[in-house]
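Please keep the sequence and the coordinates at hand while reading.

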Amino acid sequence: MPFSPRVNCPPVFTKLSPVRSVKDSLFNTRLPPWRYPLAVRFVEETRHEPIASEFEVISQRWRYCGHPDRLAWMAGKRTLCDWKSGDSTGVQWQLCGYAEAWNEMHPTEPVEQTIAVQLRGDGSY
């Protein structure tokens, strides 16, 4: 089969668009309902400023795509975030892939850091 430079990802999530409010930005995530209040608390306590949620990134170079949970400003840095409510094994590779694809798509607006937020059953993160 010949190499195809086009990556096809199913359009599962909304396109990158401005976020109206912190709570609105969390409403459309894939979090289990009982984790939602914890995610809201994390956002409020860290002064996390959401830019977009549930969007697609594509690496034409490496031929993969992904759907990060969140792009936000944290401590003045453009940050890719991933909410974890279960096993987080390998999340560092997942976030690295998201950042690589984002930076390929947006070379003048690079991701400066990534973070995985483990939302635990005991109410901590």
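Which residues make up the largest nonpolar core? The sections below take up that question after a short account of the chain, which is known here from a predicted model.

## Overall architecture

The chain holds three helices and six strands, and from the N terminus on these elements follow one another as α-α-β-β-β-β-β-α-β. Of its 125 residues, 38% count as buried. When contacts with a separation of 6 or more are considered, 64% of them come from residues 24 or more positions apart.

Strand S4, which covers residues 70-74, pairs with S5 in the antiparallel sense over five bridges, and Arg70 stands opposite Cys81 in S5.

## The nonpolar cores

The largest nonpolar core is made up of 12 residues in all, namely Ala52, Phe55, Val57, Leu71, Leu80, Val91, Leu95, Tyr98, Ala99, Ala101, Trp102 and Val111. Six of these residues come from H3, and this is the largest share of the core. Apart from this core lies another, of 10 residues, which includes Leu31, Leu38, Cys81 and Trp83.

Leu95, one of the residues of the largest core, touches Leu80, Cys81, Asp82, Thr114, Ile115 and Ala116 when residues up to four places away in sequence are not counted.

## Aromatic pairs around Phe42

A pair of aromatic rings is described by the distance of the centres and the angle of the planes. The structure holds three aromatic pairs. Phe42 and Trp83 are both buried.

Phe42 also forms an edge-to-face pair with Tyr125, at 5.0 Å centre to centre and again with 90° between the planes. Here the partner of the H2 residue Phe42 lies in the segment after strand S6 (113-118), so the pair ties together parts that are 83 residues apart in sequence. Phe42 counts as buried because its relative accessible area is 4%, whereas Tyr125 counts as partly exposed because its relative accessibility is 31%. Through these ring pairs, Phe42, Trp83 and Tyr125 are linked into a cluster.

## Salt bridges

Side chains of opposite charge can pair when their charged atoms come close. How many salt bridges does a search of the whole structure find? The search finds two.

One joins Arg41 to Glu45, with the closest N and O atoms 3.1 Å apart. Both residues lie in helix H2 (residues 36-46), where Arg41 and Glu45 are four residues apart, about one turn of the helix. Arg41 counts as partly exposed because its relative accessibility is 34%, and Glu45 is likewise partly exposed, with a relative accessible area of 47%.

The other joins Lys84 to Asp82, and the closest N and O atoms of this pair are 2.9 Å apart.

Gly86 is found in the loop between strand S5 (77-84) and helix H3 (91-105). With a relative accessible area of 42%, Gly86 is partly exposed. The C-alpha atom of Gly86 is separated by 7.7 Å from that of Gln118, although these two residues are 32 residues apart along the chain.

How values were computed: Residues are numbered from 1 along each chain as its sequence is written. This is a predicted model: local features need pLDDT of at least 70, side-chain atom pairs count only at pLDDT 80 or more; totals for chains, interfaces and linings use all residues. Side-chain values use heavy atoms; hydrogens and water are left out. A salt bridge is a side-chain nitrogen of Lys or Arg within 4 Å of a carboxyl oxygen of Asp or Glu. Helices (H or I, at least four residues) and strands (E, at least two) are DSSP runs, numbered from the N terminus. Buried means under 20% relative accessible area, exposed over 50%, partly exposed in between (1.4 Å probe, protein chains only). Rings of Phe, Tyr and Trp (its six-membered ring) pair if their centres lie within 6.5 Å; planes under 30 degrees apart count as stacked, over 60 as edge-to-face and the rest as tilted. A nonpolar core is a set of buried Ala, Val, Leu, Ile, Met, Phe, Trp, Tyr and Cys residues joined through side-chain atoms within 4.5 Å. Contact means heavy atoms within 4.5 Å. Two strands pair if DSSP finds at least two bridges between them.
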